[in-house]
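Colleague: Please take me through this model by question and answer, in plain terms.

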Amino acid sequence: MISSGVKAAWYVYGVVPADARLDALTDADGVASTRIQLVTEGAVAAIVCRVGLDDFAEEPLRRNLEDRAWLEQTASAHDRVLSGAVGVTPLVPLRFGTVFRDEAGVREMLVEREAELRDALERLGGHVELGVKVFLVDPARGEEAKPATGRDYLLQKQRARDAASTVQAEALEQVRALHEHLATLADGAHANPPQPPELSGRREPMLLNAAYLVRSDEQPEFIAAAADHGDGRLEILVTGPWPAYNFVQAEEAE
Amino acid sequence: MTNPAQTPQRYLGRREAAQLPDVLERVLDKGIVIAGDIQVSLLDIELLTIKLRLLVASADKAKEMGIDWWQHDPFLTGGDRNGNELEDRLRRLEQKAGIEQRASDES
């Protein structure tokens, strides 16, 4: 809890229509141990909670962001709260770390940006974001016999290298086709840099790390279409539904 | 992992499949940016430091592997809104913060 001696500020997770029913959300565990609330202004409402300035004022926030455990925990909480609204109401997710000193600041922001936020809510309504990651699984693994001699070993290595570069080139073409296909099924598509193994937690190279804005009622078809592109070489991983994080950049709204 | 080559794995549409990197990537780097009262410019620099570690590292790695087609394909990236925006922003912030440009940028 925020102790009584600590000054509080307002943390904003995202924006929903003013008439959104978010009863379930108010019990969610947010970035602080305070209740999730809505601050309504005109046609839009901000999903907020009170946070202590001991954690969220400029200086402590900077320190906290260098603390990986704090960051992971708090960023996950930001996502958890927003995810509770996915499929329940149109939702504009904010980037992590938007803090106002008081409720008036939140209201002022809503008034200033109401038209823009309303447009975004209208555009995103009835949609969710689905993530699609594609991994190149090694089709040659375990196929060759154990090398009998050192020369065999070197030849095998050479063959494996040649095969790998051919496979990779073919796989990239396959992935490009997959992305183009999925983009036609979605109302928005965004290819992000693939994650390296240290991030993905996988040895296999990631060839695609994309997000798609999909109509909520077309999720099963989209997921099936994505899965259809999988084969012995490409492993398809679909994540979500997410808040439409990838589809609310300023450029997107214009 | 059993039989990875023959059986494509499909983890479909389940929220539990969401891993921390996917969450961080979205929450720290995506989402609408609204200037709050707590200084965002400083906040930005800190978040970009993390991005450097997490995301740009992955872009560099991808380039090494030749997997950078999404940066050059206007159809896939919907014009120029994806490509170099992050790099440009980083460069500006790095200059502002007096951080020397990374050697890998010069190629």
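**Helices across the two chains**

Modeller: The axes of helix 3 of chain A and helix 1 (residues 20-29) of chain B come within 9 Å and cross at roughly 75 degrees. Axes here are lines fitted to C-alpha atoms, for helices over the stretch in contact, and angles run from 0 to 180 degrees between N-to-C directions. This is a predicted model, in which local features need pLDDT of at least 70 and side-chain atom pairs count only at pLDDT 80 or more, while totals for chains, interfaces and linings use all residues. Residues are numbered from 1 along each chain as its sequence is written, and chains are lettered from A and ligands numbered from 1 in the order in which they are written.

Colleague: Are helix 3 of chain A and helix 1 of chain B roughly parallel or roughly perpendicular to each other?

Modeller: Angles under 35 degrees count as roughly parallel, over 145 as roughly antiparallel, 65 to 115 as roughly perpendicular and the rest as oblique. The crossing angle of these two helices is roughly 75 degrees. Helix 3 of chain A and helix 1 of chain B are therefore roughly perpendicular.

Colleague: Which residues in helix 1 of chain B meet helix 3 of chain A?

Modeller: Two residues are in contact if their C-beta atoms, placed from the backbone, lie within 7 Å. The contact divides into six nonpolar, two polar and three charged residues; Ala, Val, Leu, Ile, Met, Phe, Trp, Tyr, Cys and Pro count as nonpolar, Asp, Glu, Lys and Arg as charged, and the others, Gly among them, as polar. Helix 3 of chain A contributes Glu72(A), Ala75(A), Ser76(A), His78(A) and Asp79(A). Their partners in helix 1 of chain B are Leu20(B), Val23(B), Leu24(B), Arg26(B), Val27(B) and Leu28(B).

Colleague: In what order do the elements of chain B run from the N terminus?

Modeller: Helices (H or I, at least four residues) and strands (E, at least two) are DSSP runs, numbered from the N terminus. Chain B has four helices and one strand. From the N terminus on, their order is β-α-α-α-α.

Colleague: Is Leu94(A) buried or exposed?

Modeller: A residue is buried if 20 or more other C-beta atoms lie within 10 Å of its own, exposed if 12 or fewer, and partly exposed in between. Leu94(A) is part of strand 4 of chain A, and what touches Leu94(A) includes Val12(A) and Tyr13(A) as well as Gly31(B), Ile32(B) and Ile34(B). Because Leu94(A) has 24 C-beta neighbours inside 10 Å, Leu94(A) counts as buried.

Colleague: Which element gives the largest share of the side of domain 1 of chain A that touches domain 2 of chain A?

Modeller: The domain assignment, which is automatic or from a database, gives domain 1 (8-124) and domain 2 (127-253) in chain A. Their contact takes twelve residues from domain 1 and eleven residues from domain 2. On the side of domain 1, helix 3 (68-83), strand 4 (92-100) and helix 5 (114-124) of chain A each give two or more residues. The largest share, four residues, comes from helix 5 of chain A.

Colleague: What radius of gyration does chain A have?

Modeller: The radius of gyration is taken over C-alpha atoms, and the globule rule is 2.2 Å times the number of residues to the power 0.38. Along its principal axes, the C-alpha trace of chain A spans about 75 × 40 × 30 Å. A compact globule of 254 residues would have a radius near 18 Å, but for chain A the value is 23 Å.

Colleague: Are helix 6 and helix 8 of chain A roughly parallel or roughly antiparallel?

Modeller: Among the residues that meet are Leu182(A) in helix 6 and Phe222(A) in helix 8 of chain A. The axes of helix 6 (residues 150-185) and helix 8 (residues 219-228) of chain A are 10 Å apart, at an angle of about 170 degrees. That angle makes helix 6 of chain A and helix 8 of chain A roughly antiparallel.

Colleague: Is Gln168(A) exposed or partly exposed?

Modeller: Gln168(A) sits in helix 6 of chain A. With 17 other C-beta atoms within 10 Å, Gln168(A) is partly exposed.

Colleague: Which residue does a cis peptide bond join to Gly240(A)?

Modeller: The omega angle of this bond is about 0 degrees.

Note on methods: Lists of a residue's contacts leave out its neighbours within four places in sequence.
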